[in-house]
Amino acid sequence: MDQIRHALQSRDVEALANLYAEDAVLEEVSSLNPPAHPIVVQGRDAILKQLRDEFQRDPVGGWHREVKSTDIIDEMETDEAVAFTEVRTYAAGDKVITQHLAHKRNGRIQHDRLVVARDSD
């Protein structure tokens with residue numbers, strides 16, 4: 001959790017992506033990507049691209065935006081899994097809350113399932 005927190009708070013997407021296994025899967029469900037059609041990203045390189053996109057681009061309008069802060073709440077970690085809630089605030093004031101439930105293999109994230117809620121304004 002310390003590595004995840006540090007990577008998120010310093011907005012170091014490369015460090016965050018390096019916590020994933022080479023063949024990891026990231027699965028996201030949100031109002032934009034409902035359970036019937038989640039975003040599924042496979043492989044560390046594709047996850048890095050997705051993370052960069054999430055930190056810098058509005059998912060609806062596509063415009064560039066800047067992360068002001070990221071906080072981690074409600075965290076839990078075992079040898080096999082990690083779960084936490086990420087609260088990201090953007091410079092414009094909008095917030096995104098993401099609940100992560102990730103399974104680990106050999107100390108790296110193997111499958112990360114995200115449920116995301118975004119401010120609508």
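The side chains of Arg-44 and Glu-22 meet in a salt bridge with an N to O distance of 3.1 Å, a salt bridge being a side-chain nitrogen of Lys or Arg within 4 Å of a carboxyl oxygen of Asp or Glu. This pair links distant parts of the chain, with Arg-44 in helix α3 and Glu-22 in strand β1 (residues 20-29), 22 residues apart. Helices (H or I, at least four residues) and strands (E, at least two) are DSSP runs, numbered from the N terminus. Arg-44 counts as buried because its relative accessibility is 18%; buried means under 20% relative accessible area, exposed over 50% and partly exposed in between, with a 1.4 Å probe and protein chains only.

The model is predicted, so local features need pLDDT of at least 70 and side-chain atom pairs count only at pLDDT 80 or more, while totals for chains, interfaces and linings use all residues. Residues are numbered from 1 along each chain as its sequence is written, and side-chain values use heavy atoms, with hydrogens and water left out.

Helix α3 itself spans residues 44-56, and its 13 residues reach 18 Å from the first C-alpha to the last, close to the 18 Å expected at 1.5 Å a residue; the expected span is 1.5 Å times one less than the number of residues. Buried in α3 are Arg-44, Ile-47, Leu-48, Gln-50, Leu-51, Glu-54 and Phe-55. Seen down the helix axis, these buried residues fall within an arc of 165°, so they line one face of α3; the arc is that of the directions from the helix axis to the C-beta atoms. An α-helix has 3.6 residues a turn, so residues three or four places apart point the same way. The face of α3 turned away from the buried side carries the exposed residues Asp-45 and Lys-49.

The salt-bridge count comes to nine. One of them joins Glu-77 to Lys-104, with the closest N and O atoms 2.8 Å apart. Here, too, distant parts of the chain are linked: Glu-77 lies in strand β3 (residues 67-77) and Lys-104 in strand β5 (residues 95-105), 27 residues apart. Glu-77 counts as partly exposed because its relative accessibility is 41%, whereas Lys-104, at 17%, counts as buried. Another salt bridge pairs Arg-88 with Glu-86, the closest N and O atoms being 2.4 Å apart. Arg-88 is buried, with a relative accessible area of 5%, and Glu-86 is buried as well, at 2%. Salt bridges that share partners also join Asp-2, Arg-5 and Glu-75 into one network.

Of its 10 residues, 10 are buried, so β4 is largely enclosed by the rest of the structure. Ala-81, Ala-83, Thr-85, Val-87 and Thr-89 point one way from β4, while Val-82, Phe-84, Glu-86, Arg-88 and Tyr-90 point the other way. β3 and β4 run antiparallel and are joined by eight bridges, two strands being paired if DSSP finds at least two bridges between them. In this pairing Ile-73 stands opposite Thr-85, and a hairpin of three residues connects β3 to β4. β4 also pairs with β5 in the antiparallel sense, over nine bridges, with Glu-86 opposite Thr-98 in β5. The hairpin of β4 and β5 has four residues between the strands, and its Gly-93 takes a positive phi near 100°.

β5 and β6 run antiparallel and are joined by 10 bridges, and Leu-101 stands opposite Arg-113 in β6. Their hairpin has two residues between the strands, and Asn-106 takes a positive phi near 55°. β1 pairs with β6 in the parallel sense over six bridges, with Val-25 opposite His-111 in β6.

Leaving aside neighbours within four places in sequence, Phe-84 is in contact (heavy atoms within 4.5 Å) with residues including Met-1, Ile-4, Leu-8, Ile-72, Ile-73 and His-100.
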